[in-house]
Amino acid sequence: IIADATLQFIVRHVGLHTGQVLEHTGVLALDDLEVPPETHGATSPVATFLTADALPSWLFPRRRNTHKGESGRALCIGGDHGSGGAIVLCAEAALRSGAGLVDVATRELHVPVVLARRPEVMAHGIESGEDLEPLLSRAGAIGIGPGLGQGEWGKAMLRLALASQNPLVLDADALNFLAAAPRVLTDAILTPHPGEAARLLGIDTAAVQADRFAAAAAIAVRYEAVTVLKGAGTVIAAPGQLPCVISAGNPGMAVGGMGDVLTGVILALRAQGLSAFDAACAGALLHSLAGDAAAGDGERGLLPSDLFPHLRRLANPGDLE
């Protein structure tokens, strides 16, 4: 059935808000039948449905005397040869989402490009682990993976990042390295798309998509990390937490580089002091809402960098009321 509209009764039905089913539901509506919420005991919630009204609970106006150090120092690691653009997108997203200071560790060849695109970034040419150590020691949170590659350089960068014990956001090839050598993580957020999720679990992509909540939960348990399973109806899971599903997002966001922006957004919020789970939830919601705002001129042809002005506006909900 390809419906024009689907009506849910009493409470939202979790299976109608993520994955392939969104192709079949049409417009989703809810009729609570005037059943009081206190009588919902027979339907214990299995997820939280996140909409735009949730943002102010995480993103509130700053104090008048706030300084840049209080706004967090984020370190973005990636951009091996041939993939320099990914780490630029990640770094600018971190700045647009409120990080006070953003360092980029990338190949020396990419430093001029980073600075030409975004002079506010502190770009460092890193060719060895010895070069990276000073940046790790002063980072508040680390995002690694955009453009990292699967070569020896990327492997060395990830090994040092994992050993640093800093809060981490892992994406792209950092996840592929992790899938090849699984380990329990400390204070990490994983942001896989369905293919990466399948590799992290050792199953196929169809199995991930068949039950996205179960897949996200399984990754969270296996790696003891917050997991953001990307896609239509992004799912966030973490050990001991009620999972969340994102209400926003659109097909125009299915383009290379969009995940690099998400990594930067979540990284910035983690660096600003949100817990790993809150940073993942708020970041995924902020990213999706910015994507919807940017799609106002049409979904086809939407670029990841089109999100930046909307990220800045939406990251200040308390200031704009």
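**Note on a predicted protein chain**

1. Start with the contacts. Take those in the protein chain with a separation of 6 or more: residues 24 or more positions apart account for 62% of them. Keep in mind that this is a predicted model.

2. Next, the secondary structure. The protein chain has twelve helices and twelve strands. Its radius of gyration is 19 Å, close to the 20 Å that the globule rule gives for 321 residues, so the chain is as compact as a globular protein of that length.

3. Along the principal axes, the C-alpha atoms fill a box of roughly 60 × 45 × 35 Å. The accessible surface of the chain is about 14400 Å². Carbon and sulfur atoms hold 55% of that surface.

4. How much of the protein chain is buried? Of its 321 residues, 52% are buried.

5. Look at charge. The chain carries 22 positive side chains and 33 negative ones. The centres of these two sets lie 7 Å apart.

6. Asp260 is buried, yet it has no salt bridge. Which side chain of opposite charge is nearest to Asp260? It is Lys230, 6.9 Å away. A salt bridge needs the side-chain nitrogen and the carboxyl oxygen within 4 Å.

7. Finally, the neighbours of Asp260. Leave aside residues up to four places away in sequence, and Asp260 touches Ala86, Leu89, Cys90, Pro146 and Asp171.

Definitions and conventions: Residues are numbered from 1 along each chain as its sequence is written. This is a predicted model: local features need pLDDT of at least 70, side-chain atom pairs count only at pLDDT 80 or more; totals for chains, interfaces and linings use all residues. Side-chain values use heavy atoms; hydrogens and water are left out. Helices (H or I, at least four residues) and strands (E, at least two) are DSSP runs, numbered from the N terminus. The radius of gyration is taken over C-alpha atoms; the globule rule is 2.2 Å times the number of residues to the power 0.38. Buried means under 20% relative accessible area, exposed over 50%, partly exposed in between (1.4 Å probe, protein chains only). Contact means heavy atoms within 4.5 Å. Accessible areas come from the Shrake-Rupley method with a 1.4 Å probe; for residues, only the protein chains shown count as cover. Lys and Arg count as positive and Asp and Glu as negative; His and the chain ends are not counted. The place of a charge is taken as NZ of Lys, CZ of Arg, CG of Asp or CD of Glu.
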